Amino acid sequence: QVQFVESGGGLVQPGGSLRLSCAASGFAFSYSAMVWYRQTPRNQRELVATVSASGTTNYVDFAKGRFSISRDNAKNTVYLQMNNLTPEDTAVYYCNAYVLGRARYENWGQGTRVTAAS
């Protein structure tokens with residue numbers, strides 16, 4: 001069964017940093033591209049960053065220069081390092097496998113909530 005367990009969120013002051021983790025199981029992680037999405041308080045789901053099976057990364061504009069996605073295939077885990085957070089980054093963050101421009105699996109984890117506020 002495919003599972004994603006996100007962690008690492010919390011309350012941080014604007015300008016602060018957080019490192020999110022997502023432990024994945026139930027599929028061939030090391031052969032899969034992975035993605036981080038976020039769902040904002042306005043209930044919009046936005047793509048944040050992707051990492052291919054070989055480690056190539058891509059970011060949407062708001063994440064470039066501030067966020068860094070990485071993976072550890074030995075731990076079946078994908079990470080999202082987020083720096084210089086702003087209130088606009090407040091959201092619940094989710095991971096999934098990524099294929100053909102979309103999340104691969106209908107199973108989603110519980111997400112991890114990030115709140116950037118003073």
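A residue counts as exposed when its relative accessible area is over 50%, as buried when that area is under 20%, and as partly exposed in between. Ala 74 has a relative accessible area of 75%, so Ala 74 is exposed. The model described here is predicted.

**Ala 74 and its loop**

Ala 74 sits in the loop between β7 (67-72) and β8 (77-82). Ala 63 is 11 residues away from Ala 74 along the chain.

**Overall build**

The protein has 11 strands and 0 helices. From the N terminus on, the order of elements is β-β-β-β-β-β-β-β-β-β-β. For 118 residues, a compact globule would have a radius of gyration near 13 Å; the protein has 13 Å, so the two agree. Along the principal axes, the C-alpha trace spans about 40 × 25 × 25 Å.

Of the 118 residues, 43% count as buried. Take the contacts with a separation of 6 or more: residues 24 or more positions apart account for 53% of them. The protein exposes about 6,200 Å². Carbon and sulfur atoms supply 46% of that area.

**Charges and salt bridges**

The protein carries 11 positive and 7 negative charges. Their mean positions are 3 Å apart. The salt bridges number 4.

| Acidic residue | Basic residue | N to O distance |
| Glu 46 | Arg 38 | 2.7 Å |
| Asp 61 | Lys 64 | 3.3 Å |
| Asp 89 | Arg 66 | 2.7 Å |

Arg 38, Glu 46, Arg 66 and Asp 89 are linked in a network of salt bridges.

**Two residues with positive phi**

Most residues other than glycine have a negative phi. Asn 84 is not a glycine, yet has a positive phi of about 50°. Asn 84 is placed in the loop between β8 and β9. With a relative accessible area of 45%, Asn 84 is partly exposed.

Leu 100 is not a glycine either, and has a positive phi of about 50°. Leu 100 is found in the loop between β9 and β10 (102-103). Its relative accessible area is 83%, so Leu 100 is exposed.

**Val 99 in strand β9**

Val 99 belongs to strand β9, which covers residues 91-99. What does Val 99 count as at 36% relative accessibility? The value falls between the 20% and 50% cut-offs, so Val 99 counts as partly exposed. Val 99 and Leu 80 are 19 residues apart in sequence. Their C-alpha atoms are 19 Å apart in space.

Key:
Residues are numbered from 1 along each chain as its sequence is written. This is a predicted model: local features need pLDDT of at least 70, side-chain atom pairs count only at pLDDT 80 or more; totals for chains, interfaces and linings use all residues. Side-chain values use heavy atoms; hydrogens and water are left out. Helices (H or I, at least four residues) and strands (E, at least two) are DSSP runs, numbered from the N terminus. The radius of gyration is taken over C-alpha atoms; the globule rule is 2.2 Å times the number of residues to the power 0.38. Buried means under 20% relative accessible area, exposed over 50%, partly exposed in between (1.4 Å probe, protein chains only). Contact means heavy atoms within 4.5 Å. Accessible areas come from the Shrake-Rupley method with a 1.4 Å probe; for residues, only the protein chains shown count as cover. Lys and Arg count as positive and Asp and Glu as negative; His and the chain ends are not counted. The place of a charge is taken as NZ of Lys, CZ of Arg, CG of Asp or CD of Glu. A salt bridge is a side-chain nitrogen of Lys or Arg within 4 Å of a carboxyl oxygen of Asp or Glu.
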